[in-house]
Protein chains: 2
Amino acid sequence: MVDRAKPGEQARTSAPGPRQPSLADVAGMAGVSHMTVSRVVNESGPVRPETRERVLAAVQKLGYRPNTAARTLVTGRSGTLGVVALESNLYGPASTLYGIENAAREAGYGVAICSVTRPGRTSIGDAVESLRRQAVEGIVVIAPHVTAGRALAAVPGDIPVVAVGGGKSAPVPVISVDQYDGARRATEHLLALGHRTVWHVAGPEDWLEARDRERGWRETLERRGLRVPAVVRGDWSPRSGYEAGRALVGKRGLKAVFSANDQMALGVLRAFTEAGIRVPEDVHVAGFDDVPEAAYFNPPLTTVRQDFIEVGRKTFGLLEDRMAGGDVRARHLVPAELIVRESTGPR
Amino acid sequence: MVDRAKPGEQARTSAPGPRQPSLADVAGMAGVSHMTVSRVVNESGPVRPETRERVLAAVQKLGYRPNTAARTLVTGRSGTLGVVALESNLYGPASTLYGIENAAREAGYGVAICSVTRPGRTSIGDAVESLRRQAVEGIVVIAPHVTAGRALAAVPGDIPVVAVGGGKSAPVPVISVDQYDGARRATEHLLALGHRTVWHVAGPEDWLEARDRERGWRETLERRGLRVPAVVRGDWSPRSGYEAGRALVGKRGLKAVFSANDQMALGVLRAFTEAGIRVPEDVHVAGFDDVPEAAYFNPPLTTVRQDFIEVGRKTFGLLEDRMAGGDVRARHLVPAELIVRESTGPR
DNA sequence: CGGAGTGCTGTTAGCGCTAACACTACCTCG
DNA sequence: CGAGGTAGTGTTAGCGCTAACAGCACTCCG
């Protein structure tokens, strides 16, 4: 029933359909060879204007669409990039993904994504493998975890790979926002307000960004010979920020808090409100990320902004270099910007 | 060892590399025909265990990886789905994307995405076209805009397409969360608190979800013969919610507000706080979406939760049906759930 | 003992496309 | 005026894979 038997047995019930037109079909209709059609379609090689017209008309009429699989098979190029993304609604990773997709599309590449839940050595390896099966020409790994570095080392070297947010020890080129410097700025801003020290609500220990932000905070304090309070650790979620906030309530000399992201800062604000601690009157709070909501927190949150569009663009550029055969290995940093709002306001 | 050129011709600087091994290479090493290797790799057809071992060993040794382009060319199946996504960090669309990607991957499909900024007829058409070039077998359109329905009508009918969040007039099957009922629940919840009426901060007029939520709110009031206040319209952003909140301040009898999403509700809360209006003491506020932050707003926000994982699963299921040739046309609704928190709390 | 399976393997053709080269007409220039 | 272009077109040979069928050896059963 499904088969392509004798003529007159049309009307295949559903699946295969009447087959897409091929170069040969167009060639037949235009009265030229398939090669001429190929030249018209790809604008490679000379074709007489008159012939081109005829071919174009046939293409139009038949609704011809080049078959990527065939082209890929013969050229070895698929025009597709792969992105290994973290399955999460975290603002950073999601924004990065869009930034990359954007840059790739502008350059005429398609994008295949493969998301991983728990980024360990195997799952990143699996994701890369699955993308390679889709014949991608290069791969971007959004790998904010400490373990990702090791995972990347296990990735075969015969395909261009770049990472976003990976550690400097990663065996591939890395783009990331300058987390360290962002944290330094936030901390110095808080200290400039006259505080003796700054408490820190850190992100999960296995995230590089959490480590960098923590280091930026810690070393800023140390550089000035200030006391470094014990960090309270969360998992990026507002809930964990809330718990961290409760743990901070009542600490002696609690005057300034730097949270490793905005969502946790929100939880901290909530916990403080419940405990009757006023922000900014009693305590100053700063976050990191500048999520769109941050300006409307209660109170509006001072935070550190990351330019993800720029990250996406740089990442794609780097991947393009690699695909062209360049042997880039550098770590590229995108600067972060401090946004001051009421949560560290005067008074 | 890796190279198949004459000795001394090593070290191709970069691009082409020493060519991936093919079926024929594996066959040569295992001393069988390429067809036998194919059978082993695809587990199609009988192969003697001993032979299979030999083949598998060769596959391993050579690092053989099937060439998808070739397979796609001959079978006409690429194992890839396309998703037309909205380029935005809005919680809903982003979550939907992950839900779909999840379901697809579990079923062994790859996912190619193509995001559109401003969804009009052409950009959705372009996106679909660009995905088709990547030889996808089916397409999911995340199309929350009113115009998307018309855009979908222009999409060629020879490839399975389903939509998420499209209108009921869409020419393709549609999955969506029951926005109308969610809005009804939120409104009734507010009314049950004893209020005379409920104000509404609506989403952008060209979003279907905004329309459905508004309709759910409006008809609930009308059904009870209550006064329907003029809506204040925002664009989903916290900023627009803030402005809406300022516009609401001072309205006579302002006791209950239903915001079409959580981000705008945040802005409303902020505006009220600035104006000295207390929530929930003076006014009750409810939102829609249940973003992870909502539970830690100040105060925690009553809202309507949508199950995006379920939406993703159902969407993929529907697309699978279509790809199998089914002629589904129904509109599938996923129920929404009311989550009550302090912003509509007692007192 | 012959015919009909059935398990295993190989051969062949072709998916739709591009690279490489071949061919024809015409044109240029020493 | 013939050598050597160049513009325009066609021919051929694969890219790596699977479908379809063609063996061959062996078993089973009447």
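In this predicted model, several elements cover the buried residues of H11(A), including strand S6 (199-202), helix H10 (238-248), strand S8 (256-259), strand S9 (284-286) and strand S10 (303-305) of chain A. Helix H11 spans residues 262-274 of chain A. Of its 13 residues, 11 are buried, so H11(A) is largely enclosed by the rest of the structure. Among the buried residues are Asp262(A), Met264(A), Leu266(A), Arg270(A) and Phe272(A). Gly276(A) follows H11(A) and has a positive phi, near 80°.

Chain A also meets chain B. Here, 45 residues of chain B are in contact with 45 residues of chain A. On the chain B side, H4, helix H5 (91-106), strand S2 (110-116), helix H6 (121-133), helix H10 (238-248) and helix H11 (262-274) each supply at least two residues. H11(B) gives the largest share, 6 residues. By class, this side of chain B has 18 nonpolar, 19 polar and 8 charged residues. Strand S2 (residues 110-116) of chain A runs antiparallel to S2(B), and 3 bridges join them. Ile113(A) has Val111(B) as its bridge partner.

Both chains contribute to the surroundings of DNA strand C. The largest share, 5 residues, comes from H4(A). The surface near DNA strand C divides into 12 nonpolar, 11 polar and 3 charged residues.

How values were computed: Residues numbered from 1 in each chain as written. Chains lettered and ligands numbered in written order. Predicted model: local features only at pLDDT ≥ 70, side-chain atom pairs only at ≥ 80, totals over all residues. Helix = DSSP H or I, 4+ residues; strand = E, 2+ residues; numbered from the N terminus. Expected span 1.5 Å × (residues − 1). Buried ≥ 20, exposed ≤ 12 C-beta atoms within 10 Å, placed from the backbone. Contact = placed C-beta atoms within 7 Å. Nonpolar A, V, L, I, M, F, W, Y, C, P; charged D, E, K, R; others polar. Pairing = 2+ DSSP bridges.
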